[in-house]
Amino acid sequence: MSRFFSAKYASLQAYTPGEQPRDAQYVKLNTNESPFPPAPAVIAAAAQEAERLNLYCDPACTELCKAAARLYGLEPENVLPVNGSDEILCFSFMAFGDERHPFAFPDVTYGFYPVYANVNHVPAHIIPLRADFSIDPADYCGLGENIVIPNPNAPTGMALSVSQIEKIVRTNPDSVVIIDEAYVDFGGESCIPLLGRYENLLVTQTFSKSRSLAGARLGFGLGSPALIRDLNTVKYSVNPYNVNRMTQAAGVAAIESLDYYQKNCMTIAENRAYTTQALAALGFETLPSLANFIFTQSPAIPGGALYQALKERGVLVRHFDQARISNFIRVTIGSRPQMDAFLDTVRAILEERGL
């Protein structure tokens, strides 16, 4: 760091993104991207807007708000489009967290939550998962703190029911409860139907996973008009033109291409079951996932060693050094050929080690 770097960030532990290598061709199963291209209408819409890149985009994302509202039976004032769902999460820590209003979240969860708490000087209340890596809803009921929970959770892929989440929201009426639904389209239950009943509920989603737009950077928050106004105050103080015009057009077209993406999600779910079953035959233990990834471990080979061996053979997965989960690898579910390549490589590694 330079001598000019502010002391207030001296202890900041930044988020570590998944690898995006350029040095070789990999079977890339490490960052939970979709193996499918965007729908044809999405590509066409973005290309058309490219001709107008000399002009600023609509800061209110008017058409995108209308499209999302139509999709979910809401009003445009319930919607805030953002530059990837990471941005709505950061805005939320900024808007709702301070020394008197900490944020609670699980100990094994999305790695950006503690970063947002730290960078925004918001106390973090970290709550351990159960021994089976599930979230215990009772740990959050009546907590009296802001709460953020991914549902399904990452990196475990395990999910709570809407009724369990509703109890958390209902018993914390004076705190904001954020349900991060980045992976909900692959088998989870959305909490969007609860929005009309609870002014303290904020649901976030992304176009990066099920909608094949990771490279476009688009997400949104859904909540009461009052919460959305709070978040817009932060947005217009930080980055009013946060969603570019090509991405806005792509987002509208993606919402209107629902059938295309639903079919892709079904394929991912089928490939997830196929991969989980094949790993079980190899002695792996895999957590029950409703996401587009699985979290799996082998009693025969440590997670770090398996990650490295796979990488050396051209297959990228994600490994975390956190002690409690260091024996696991997280594997994005891709196309059937990608999953077969992953499984064949795992078999080869085990055979080479006499396992």
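Predicted model: local features only at pLDDT ≥ 70, side-chain atom pairs only at ≥ 80, totals over all residues.

Colleague: At what angle do the axes of H1 and H7 cross?

Modeller: Two packed helices are described by the angle and the distance between their axes. Here the axes of H1 (residues 40-50) and H7 (residues 245-255) cross at roughly 155 degrees and come within 8 Å, and H1 and H7 are therefore roughly antiparallel (over 145 degrees; under 35 is roughly parallel, 65 to 115 roughly perpendicular, the rest oblique). Axes are lines fitted to C-alpha atoms, for helices over the stretch in contact, with angles from 0 to 180 degrees between N-to-C directions; helices (H or I, at least four residues) and strands (E, at least two) are DSSP runs numbered from the N terminus.

Colleague: Which residues of H1 and H7 meet?

Modeller: Ala41, Val42, Ala45, Ala46, Glu49 and Ala50 in H1 meet Arg245, Met246, Ala249, Ala250, Ala253 and Ala254 in H7, contact meaning heavy atoms within 4.5 Å. Ten of the residues in this contact are nonpolar, none polar and two charged.

Colleague: How do the axes of H3 and H4 cross?

Modeller: The axes of H3 and H4 cross at roughly 40 degrees and come within 9 Å, which makes H3 oblique to H4. Asp86, Leu89, Cys90 and Phe93 of H3 make the contact with Phe112, Tyr113, Tyr116 and Ala117 of H4.

Colleague: How many residues line the largest pocket, and which lie nearest its centre?

Modeller: Rolling a probe the size of a water molecule over the atoms shows where empty space is left. The largest pocket is lined by 44 residues, with Tyr15, Thr16, Tyr110, Gly111 and Arg318 nearest its centre (a pocket is an open set of points on a 1 Å grid over the protein atoms alone, where a 1.4 Å probe fits, with protein on both sides within 12 Å along at least five of seven lines; lining residues have an atom within 4 Å of a point). H3 (85-96), strand S3 (103-106) and H4 (112-119) each supply at least two lining residues, and H4 gives the largest share, four residues.

Note on methods:
Residues numbered from 1 in each chain as written. Heavy atoms only, no water. Nonpolar A, V, L, I, M, F, W, Y, C, P; charged D, E, K, R; others polar.
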